[in-house]
Amino acid sequence: MATTMTDKELLAKIRKLRLADLSDGMDALGLVNVGSMSTEMRPLRPGIAFAGFAFTAKLVPSQRKGQPCKTVEEYFEANGEWCSDAYSFSRQIDKEDVTDRVLVIDMGGYPGGVLGSDNMLHYKAKGMAGAVVDGGCRDSYECNLEEVDVFCTKRTFHHVSFRMSNGGINVPVECAGVTVNPGDVICADDDGVLVIPRDRAEEVVEFAIAILEADQKARAAKYKVLGMEPDYTLNRFA
Ligand SMILES: O=C([O-])CC(=O)C(=O)O
Ligand SMILES: [Mg+2]
């Protein structure tokens, strides 16, 4: 379908919706289970929700073995070398306008902690909407204090140094069971992560808005029966 909304207009609409509405919208178009990441992909804490366009990176297990370091200086030098390869994607992020992009990393589920409390603060400062990694996040407690928005399949203390190598930047990747192309719309909330192709997203949103409106009417009626004040989520369109 031709796109009629700007990227900003599209994201503004998606950010009012729940993944449940967007998924039902995908079902309505016959895209049943398409773009649904596996349920192992979980938020670092409750309440994380974001939407943006995929910036993809792939890391692969390294063929190289790290050598034992005799001094702290040697360690920092070796770590720097590993990082300059594994974090090639991070240098690319520094060169681009990554506002409203979601960092999607395919590590094949390997539990190296590619994201942590230091680099996630940087990506947040760069205006990225969040990060989704089929692999590990570390410094989890600090990430939550910082309110950085990460979904991952693993939590770990391991680094990617001494373990992983660059396997591609802004190429199609496999992430928690879904092929993600750069520019796909990545939507995340407490229920998980859904990937919507940009060229289908406007149709999905049209159905999803109608679905959420119907849900809000139904829940408002039930609140009334219960004599309870409706919660703020009945005001998502306000
Ligand atoms: O140092 C790294 O590359 C990963 C990490 O722990 C952080 O960003 O905090
Ligand atoms: Mg760290």
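Leaving aside its neighbours within four places in sequence, which residues is Asp139 in contact with? We will get there in a few stops.

**Before you start**

Residues are numbered from 1 along each chain as its sequence is written, while chains are lettered from A and ligands numbered from 1 in the order in which they are written. This is a predicted model, in which local features need pLDDT of at least 70 and side-chain atom pairs count only at pLDDT 80 or more, whereas totals for chains, interfaces and linings use all residues.

**Stop 1: the whole chain**

Show the protein chain as a cartoon. You can look for 7 helices and 11 strands; these are DSSP runs (helices are H or I with at least four residues, strands are E with at least two), numbered from the N terminus. The radius of gyration, taken over C-alpha atoms, is 20 Å, close to the 18 Å from the globule rule for 238 residues, so the chain is as compact as a globular protein of that length. That rule is 2.2 Å times the number of residues to the power 0.38. Along the principal axes, the C-alpha atoms fill a box of roughly 70 × 40 × 30 Å.

Of the 238 residues, 36% are buried. Here a residue is buried if 20 or more other C-beta atoms lie within 10 Å of its own, exposed if 12 or fewer, and partly exposed in between, with C-beta atoms placed from the backbone.

**Stop 2: two domains**

Colour residues 1-34 and 197-228 as domain 1, and 37-195 as domain 2; these bounds come from an automatic or database domain assignment. Their centres, taken over C-alpha atoms, are 28 Å apart. Where they meet, 12 residues of domain 1 are in contact with 12 residues of domain 2; contact means that the C-beta atoms, placed from the backbone, lie within 7 Å.

On the domain 1 side, α1 (7-14), α2 (19-28) and α7 (198-226) each give two or more residues. The most come from α2, with 4 residues. This side divides into 7 nonpolar, 1 polar and 4 charged residues. For these classes, Ala, Val, Leu, Ile, Met, Phe, Trp, Tyr, Cys and Pro count as nonpolar, Asp, Glu, Lys and Arg as charged, and the others, Gly among them, as polar.

**Stop 3: helix α2**

Now select α2. Its buried residues are Leu19, Asp21, Leu22, Ser23, Gly25 and Met26. After α2 comes Gly30, with a positive phi near 85°.

**Stop 4: around ligand 1**

Next, select ligand 1 and show Gly113, Gly116, Ser117, Asp118, Asn119, Arg138 and Asp139, which surround it; a residue is near a molecule if its C-beta atom, placed from the backbone, lies within 6 Å of it. This shell has no nonpolar residues, 4 polar and 3 charged.

Click on Arg138, in the loop between β5 and α6. Arg138 counts as buried because it has 23 C-beta neighbours inside 10 Å. Beyond its neighbours within four places in sequence, Arg138 is in contact with Gly113, Gly116, Thr156 and Phe157.

Finish at Asp139, in the loop between β5 (130-137) and α6 (140-146). With 19 other C-beta atoms within 10 Å, Asp139 is partly exposed. And the opening question? Leaving aside neighbours within four places in sequence, Asp139 is in contact with Gly116 and Ser117.

Key. Two residues are in contact if their C-beta atoms, placed from the backbone, lie within 7 Å.
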